[in-house]
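Hello,

Here is the structure for you to look over.

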Amino acid sequence: RCKEDERVKDVAARFGVSAEWMVTMNKDLYPQLNKTVPLKAGTTLRLPDPEAGMDESATLPPWHEPCLQIVHKLQNSRYAWPFQQPVDWEALGLKDYPFICPHPMDLGTVRSKLVTGLYRAAEEFATDVKQTWDNALTFNPPEDEIHKFALKMQSLFESEWKAYKQTVSVGGGEEARNNSKGGKNTAMYNKVVRLEEEAGQDKFYFVLHYVPDMHWCH
């Protein structure tokens, strides 16, 4: 619980967690929340998990905000109501649902995973969103309203996702952005080279490693 006039950045420092992640995780409960807004005494906030990489120095990945905007737009679509929460197949008497759709997913779960830092890449987010439509299209026949709604939501998502990927491409991607800030390319590569064999001798292979600043070495 927060103290009177305590700020998110103060709470984050007290618990050794990321202030950015704390704001993101609690935005649904407190829409006006930011790192410096004064809080009332007794305000309850969800804390990020420092063991999940959300310690005090952690910041939001560059893809996080665009993905959050996409899921917000999806949830505000008039066709989104069947996909806002998990399918309650027991209450609906859909006994075969778990067998036909063994990987349930919905927009509420996607948003929850996004704001709590359970996705490690934008592609993981996209996979879950697509799973939502895939389940609906698989379980419901083409003439069913839910099937039709799923097609509309699928089209909306693909349009938003394509626009996001184009933005990343035009910007040169995360790696290019890092390099533009003076960062170095830390990627490492391997390749195998076979030495020319001589008569009566065994073949030899070297595994070469490309290390930045050192180039090819073995």
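This is a predicted model: local features need pLDDT of at least 70, side-chain atom pairs count only at pLDDT 80 or more; totals for chains, interfaces and linings use all residues.

On the helix 3 side, Cys67, Ile70, Val71 and Leu74 are involved. They meet Ala122, Phe125, Val129 and Trp133 of helix 6. The residues of this contact are 8 nonpolar, with no polar and no charged ones.

Next, the geometry. Two packed helices are described by the angle between their axes and the distance between those axes. Helix 3 covers residues 64-75, and helix 6 covers residues 122-139. They pack at an angle of about 15°, with their axes 11 Å apart. Helix 3 is therefore roughly parallel to helix 6, since angles under 35 degrees count as roughly parallel. The crossing of helix 3 past helix 6 is left-handed.

Now the whole chain. It has 8 helices and 3 strands. Along the sequence the order is α-α-α-α-α-α-α-α-β-β-β. The chain has 218 residues, and 32% of them are buried. Take the contacts between residues at least 6 apart in sequence: 61% of these join residues at least 24 apart.

Last, the cysteines. How many disulfides does the structure hold? The count is 0. Cys2 has 7% relative accessibility, so it counts as buried; the cut-off for buried is under 20%. Cys101 is buried too, with a relative accessible area of 2%.

Best wishes

Terms used: Residues are numbered from 1 along each chain as its sequence is written. Side-chain values use heavy atoms; hydrogens and water are left out. Axes are lines fitted to C-alpha atoms, for helices over the stretch in contact, and angles run from 0 to 180 degrees between N-to-C directions. Helices (H or I, at least four residues) and strands (E, at least two) are DSSP runs, numbered from the N terminus. Angles under 35 degrees count as roughly parallel, over 145 as roughly antiparallel, 65 to 115 as roughly perpendicular and the rest as oblique. A crossing is left-handed if the near helix is turned anticlockwise from the far one by less than a right angle, and right-handed if clockwise. Contact means heavy atoms within 4.5 Å. Ala, Val, Leu, Ile, Met, Phe, Trp, Tyr, Cys and Pro count as nonpolar, Asp, Glu, Lys and Arg as charged, and the others, Gly among them, as polar. A disulfide is a pair of cysteine sulfur atoms within 2.5 Å. Buried means under 20% relative accessible area, exposed over 50%, partly exposed in between (1.4 Å probe, protein chains only).
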